[in-house]
Amino acid sequence: MKNSSATEGVLIMSNDFLTPFAKTSDYLAAALERRGIPAYVRDNAEARLLTYLFSEEMAPRRPQAQEAICESLRELIEYARIDTVISLDLNWYVTPGLFVDDPAIRSIHSLWFDDFRSWCTSPFNPCFSDGDVFQQHVKHPKVTHHFYGDSQALEARLLGVSRQRLTRLAAPRQLVENDAPCLRTDRLAFIGNPGFRGTPHGKAVKLMEAGAEIGELRAFCRDAILKYPDVHSLEWFEKEPSVRNLLAVALEARRRFPFKPALQILQMAGTHYPRAFEYINETGIALDMAFLVKLVNRYDRPAFVHRLWKRGWIDVYSAGDEWQPYGIEALPYVTFSDLPAHYRMYATHLNAPNAIRDATANEKLFEIAASGRLSINLDSPDVRSCYDPGEITLVDSLAALEAAAEQSLRDPEAALACGEKARQRTAREHLWDHRIASMLSDV
Amino acid sequence: MSDRPLVLVLSNDLSLAAAKTSRYLCLALDRLGRGAVGRDTRLVRWAAAEIEKESPMRREAYETAVVAKWNKFIFDYGIDTVISLDLHWLFSSQLFISDDQVKHIHSFWFDDLRSHLQSAPMFSLAPKTPLELINGPKISHHCYGRGQAEELRVLGVERIFPSALAAPAEYLDADEPCTEIKKLAFIGNPGLASAPTQQALAAMDRGGDIAALRRLARQEILDALPTDEPTASWVRQSLGVVDLLAAATEMRLSQPYTAAISLLTQAAAAHPEAFDFLNRNGLILDAAMLVKFVNRYDRPALVRRLWRRGWLDIFGTPEQWAPYGITAQPTVPFPRLASVYRRYPAHLNAANCARDATANEKLFEIAACARLSLNLDSPDVRACYSNDEIILADSDEALEAEAEKVLRDPAAAIALGETARKRTASEHLWEHRLKKALA
C-alpha cells in the first residue's frame, strides 16, 4: 500500500505542436509507470490553437472555452487521482486557475527545455490570460521550476521565479537496453538542426569554408550583431545610446567566456553602463538583449557540423532545408521510433548545443551516451559536470574536434569502449527515472 | 516507447472508462514490445463542435491546423498503427485513413455506434459518411458482444472481428487482503441514466423477478411510443412501427441476449413497411435501442435485490442510484479499483443494457483480482469463464442464493476467484487481445 503522501497519479501536459517536447513527455510518462505511478499524457496544442485562432472573434466565448478546457481535465484529475502535474516549460499553463487552484493538485513541476523569452513569445504558446495572472501562476508556491542550465535559471530569477532547482536533462531507459549493431565506423553522425533558424550570414559560411576556428566565428557574430542591428535594437540604441555600448561589452565578454550565462554577462556589463542597464530593465527587454548575447555562439553547432562535413566524415540527419544554406545535404528526418537504431548505427556522434538555450548539456548528450556511443562535445562546465573524459570527448576548438573525429574513425573500438562507459554512467545516474525519483522525493 | 513503429492509442476523456482502458492498452502494448503513446481527443471534439456553432467560416482553418499537428505527430513518432476504443480515432475525415504511414486502425468497441456518434462530436465528415470512413481496408472493428457485432453488420460495417474485453495485467498483481467478508460489492452505475418509473420500483419492492421486470419495461416502452418524442413522430408517419416494436420487444422477452437489431430484422418479416420507414429515415439504431431497453432493469434489479438484504456495498454515482432508494458510496477512482475488488470476496456483475453485450470489462477485472463474480448466465459470459471460475445464475433468485452462499463461505468464493485469476492470466488480458488484433 502506498502511504498517504505518495504520488498517486501524474498528469503530463505536452504540446504536440513541438514533437521533441511531446517525445520527452512520453519518456517521462514511461519512467513514472515504471515506478508504479499511473501517468497520463495530455496535449494542450488544441487548447492553445483555439486561443490563437479565435482570440478576437471568439472573445465573448472565452469563458466557455476556458471552462471546457478545465472540465476536460478536472474529471480526469478526479477519477485518476491525479495529484501531480509535470510539463516541459510551462506547458501545464493553459488557462488560469487550472491546477494551481485545484486542491487535489499538490505539486506542479516545470522542466525547462526552452528559455522563458522564447516560450513566452512563441506563437505556439498563446495562453488565456494577461501578464499579472501569468506571473501569479509561475510564482505559485505549488510550482517548482527545474532548469538544466545556470543561464536558464538566472533568466527565470530575473522574472521573480524563486522556486528553482537544477535538474539535468536525461535519457529514456529503453536506450540503455537497445542492442542494435554498430554498422558505420567509417563516419560519424549528427542528428538535428542547425539550432538558430535564421539564414546564416554569407560571410559566416565563407569563414567556415575557409576553415575559420570557432573563436573567429564568435568574433564575427559579435561584430555582426552590432554592425547589422535588427529594428528592435535600432530603436533601443536610439532611445538610450548607451545600450549599444552595453551590448558591445556584453558581446565581447561572451566571446571570451562563451559558456557564461548571457544574462549574468549583461548584469556585469551593466555595472559599467548603469543607465543602459536601467533602461533595459525598465523597458522589459533584458531577455531580448540576453538573446542577442547568446547569438555570439550561433555558429558553434553549424561550424562543428560543417567542419566534419567538409572532410566527408559525417552523416547529417534531419532539417534538410535548414542545413542547405550551410552547403550541407542532410539525410531524411529520423523518426522517434528510428532514433535508437540510428544512435547505435554509428560509433561516434557529434553533439553541440543550440545557442538559443544557453545550456550545453542537452538531451542528445544523454541519449547518445545511453545508446553506448561516443559523443564529441564542445567542452563546457555543464557537460563536464555530467560525464568525464573517457566517457565522452570534450574539445575546445574545431581543430581539436577534427582530431577527435579522426581518432574515432581510426579506432572505432576505442570510441565504442568510451560509449560503453558512458552507457553505464547513464544507467546509474542519467535516466529520466532518476530525475523523476528526485523530483517526487521532494513532494 | 520502443524502436519499432509506434502505436497511437486515442481516448476521449469524456468517457473516463475509455481513459482508464486506453492507459492499460498502452502498457500492454509496451509489454508486447510495441511501444505506444496515448492521447486524448476530448478537447478537439469540443472545439470542433463549438467552432461549427459559433464561427463556421473558421472551421476549415481550425481543422487544417489540427490535422497538420496530428500529421506531424504521426510522422515524427513513426506511428504505423492507431488503436482506440469505439471510434475515438475518428474526429476528422482527413486523419489516419488516407495516411500511407498508418497501416492499421483498430476500433475496440465498448459502446454502441449510436451512443458513440451521439456523444462524440467531431469535425464534419462530409462529403463522406461515417460508414464510408470506417469501412476502409485498413480498419478493423473488434466487438465484444454478438449484439454489437450484429448491429454493426446490419449497418454495413465490414471487417468485424469478435474480441472479448479483457483485464489489465496489473490487476493480477494486486495483493490487498479481503477484509469485507460479510458483504459483496457492486461497482458501477445503474446503466441507463434516466430514473426508473414508480411501477418498476414497486415491482422491485414486491420482489418481482427479472422476467416480470422485463415485461414491465417492455410495456413502458410500448406505452410511451405514441406519446413521447421522437417515437410519437415515427408513429404518426408509420403506424406500423408500434406493431414492429411490439413484436421485437416480445421476442426480446424470450431471447434476452439475442441482438436487438436481429430481433428487429426478424420482426420486419411481418412488418416490412414499418422497418423500411425506420431504415430510410436512419432510425434503425434508435429503434434497436428501444428493444434493448427491455433489459433496462436487469442490473438495477439485481443490485436492489441484494441491497435490500443488506448484503451489498455499492460504489457509483450516488445521484444515479438515489432514485432506486440505494445509497451508493462515491465512484471508485481508477487507482483504487483493484484494491476495492480485492477487499470483497465476491462482486455482483451485471451488463449495461445499452451495450447489448454481457461480458463487460468488470467481468475480467474482478477475475484478474482473484475474486468471484456473480453473473446472470448469458452466452457471452459463458464463452469466457466456466462455472468453476465464476457464478452463472439463471435467475435473480438463483443469484440471491449464490450471494448467500458466498456470505456463508467466503473462503470458497475466494478459491473460485483464484481459478478465475489463473484463467484470466492465461487467456483474458489486454495483451491477448492486442496480440491477436495486431497479428
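Me: Where is A:Arg81 placed?
Reply: A:Arg81 is in the loop between α3 and β3 (84-88) of chain A. Keep in mind that this is a predicted model.

Me: What is its phi like, positive or negative?
Reply: The phi of A:Arg81 is positive, about 50°, although the residue is not a glycine.

Me: New topic, the contact of the two chains. How many residues of chain A are in contact with chain B?
Reply: On chain A, 46 residues are in contact with 46 residues of chain B.

Me: And what area is buried between chain A and chain B?
Reply: About 4100 Å² is buried between chain A and chain B, and carbon and sulfur atoms give 60% of that. The accessible area lost when parts come together is often used to give the size of an interface.

Me: Which three residues of chain A supply more of that than any other three?
Reply: They are A:Glu46, A:Tyr79 and A:Ser337, which supply 16% of the area that chain A buries against chain B.

Me: How many salt bridges are there between chain A and chain B?
Reply: The count between the two chains is 9 salt bridges. One of them joins the side chains of A:Asp43 and B:Lys69, at 2.4 Å from N to O.

Me: And how many residue pairs in polar contact?
Reply: Between chain A and chain B there are 20 residue pairs in polar contact, with both residues at pLDDT 80 or more.

Me: Which elements give two or more residues to the chain A side?
Reply: On the side of chain A that touches chain B, these are α1 (19-34), β2 (39-43), α2 (45-53) and α3 (62-79) of chain A. The largest share comes from α3(A), with 10 residues.

Me: What does that side have by class?
Reply: The side of chain A that touches chain B has 24 nonpolar, 8 polar and 14 charged residues.

Me: Now aromatics. How many aromatic pairs does the structure hold?
Reply: Over all chains the structure holds 25 aromatic pairs. One of them is formed by A:Tyr40 and B:Phe334, and this pair is tilted, with 6.5 Å centre to centre and 45° between the planes.

Me: Where do A:Tyr40 and B:Phe334 sit?
Reply: The pair crosses between chains. A:Tyr40 is in strand β2 of chain A, while B:Phe334 is in the loop between α15 (318-321) and α16 (337-343) of chain B.

Me: Back to salt bridges. How many over all chains?
Reply: Over all chains there are 60 salt bridges. Among them is a bridge between the side chains of A:Asp300 and A:Arg218, at 2.9 Å from N to O. That pair links distant parts of the chain, 82 residues apart: A:Asp300 is in helix α15 (residues 300-310) and A:Arg218 is in helix α9 (residues 214-227) of chain A.

Me: Let's look at chain B by itself. Which domains does the assignment give?
Reply: The domain assignment of chain B gives domain 1 (6-163), domain 2 (169-196 + 297-429) and domain 3 (205-295).

Me: What separates the centres of domain 1 and domain 2?
Reply: In chain B the centres of domain 1 and domain 2, taken over C-alpha atoms, are separated by 30 Å. Contact between these domains of chain B involves 15 residues of domain 1 and 15 residues of domain 2.

Me: And the area those two bury?
Reply: Domain 1 and domain 2 of chain B bury about 1300 Å² between them, with 49% of it on carbon and sulfur atoms. B:Lys20, B:Tyr24 and B:Tyr144 supply 42% of what domain 1 buries against domain 2, more than any other three residues.

Me: How many salt bridges between those domains?
Reply: The count between domain 1 and domain 2 of chain B is 4 salt bridges. Elsewhere in the list of contacts, the rule finds 6 residue pairs in polar contact across this interface, both residues at pLDDT 80 or more.

Me: Which element gives the most to the domain 1 side?
Reply: α1(B) gives the most to the side of domain 1 of chain B that touches domain 2, with 6 residues.

Me: Last one, peptide bonds. Is the one from B:Ala126 to B:Pro127 cis or trans?
Reply: The bond from B:Ala126 to B:Pro127 is cis, with omega near 10°. B:Pro127 is in the loop between α4 (113-119) and α5 (130-134) of chain B.

Terms used
Residues numbered from 1 in each chain as written. Chains lettered and ligands numbered in written order. Predicted model: local features only at pLDDT ≥ 70, side-chain atom pairs only at ≥ 80, totals over all residues. Heavy atoms only, no water. Domains from an automatic or database assignment. Contact = heavy atoms within 4.5 Å. Buried area = accessible area lost by both parts, 1.4 Å probe. Polar contact = N/O pair within 3.5 Å; in protein donor to acceptor, adjacent residues only side chain to side chain. Helix = DSSP H or I, 4+ residues; strand = E, 2+ residues; numbered from the N terminus. Nonpolar A, V, L, I, M, F, W, Y, C, P; charged D, E, K, R; others polar. Phe/Tyr/Trp six-rings, centres within 6.5 Å; stacked < 30°, edge-to-face > 60°.
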